[in-house]
Amino acid sequence: MYLLSLTDNVVTSARSTFGYVAHSLGGLKPWLLYQPRDASVPDPPCVRSTSIEPCHLTSPSHGCDADWGTDSGKVLPFVKHCEDRDNDGLKLFDEL
C-alpha cells in the first residue's frame, strides 16, 4: 500500500480497500472505476474522486441498534456516500 501511495496517479476499482488506503496515504484524488451492472459498462466507466478520504465500506452504528436504518450520509453535510457505491459506504468531503 505504501509503495502504491508513491505513484503520481491511482486508479481504484470499486470496493478496493487496498486502493482506498493507498491513495489516501499519498494524498491523491484517485480515478474510481464503476462496477459493471447487468453485463454492461457504465457511462462514464470511471470518475475522478472529489476527496482524498477513503471510503468506509460499512456505515458505523456506534454500538446502538437504533442507528440501523438511519441514512448516515444525510446526518452531516460533510459526510456523504462514496461516489463508486450506491447508498453504501461513507466518506468525508471538503465541500458542503
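1. In this predicted model, Asp-38 sits in the loop between β2 and β3, where helices (H or I, at least four residues) and strands (E, at least two) are DSSP runs numbered from the N terminus. Asp-38 is exposed, with a relative accessible area of 78%, given that exposed means over 50%, buried under 20% and partly exposed in between (1.4 Å probe, protein chains only). Although not a glycine, Asp-38 has a positive phi of about 55°.

2. Ala-39 is found in the loop between β2 and β3, counts as exposed at 84% relative accessibility, and has a positive phi of about 60° although it is not a glycine. Most residues other than glycine have a negative phi, and most peptide bonds are trans.

3. Pro-44 also lies in the loop between β2 and β3, and a cis peptide bond, with omega of about 0°, joins Asp-43 to Pro-44.

4. The strands form an open sheet of three in the order β1-β2-β3, with mixed pairing, two strands being paired if DSSP finds at least two bridges between them. Strand β2 (residues 31–33) runs antiparallel to β3 and is joined to it by three bridges; Leu-33 has Cys-46 as its bridge partner in β3.

5. Ser-5, in helix α1 (residues 2–5), counts as buried at 6% relative accessibility. Beyond its neighbours within four places in sequence, Ser-5 is in contact (heavy atoms within 4.5 Å) with Ala-22, Leu-25, Gly-26 and Leu-28.

6. Residues are numbered from 1 along each chain as its sequence is written, and side-chain values use heavy atoms, leaving out hydrogens and water. Local features need pLDDT of at least 70 and side-chain atom pairs count only at pLDDT 80 or more, whereas totals for chains, interfaces and linings use all residues.
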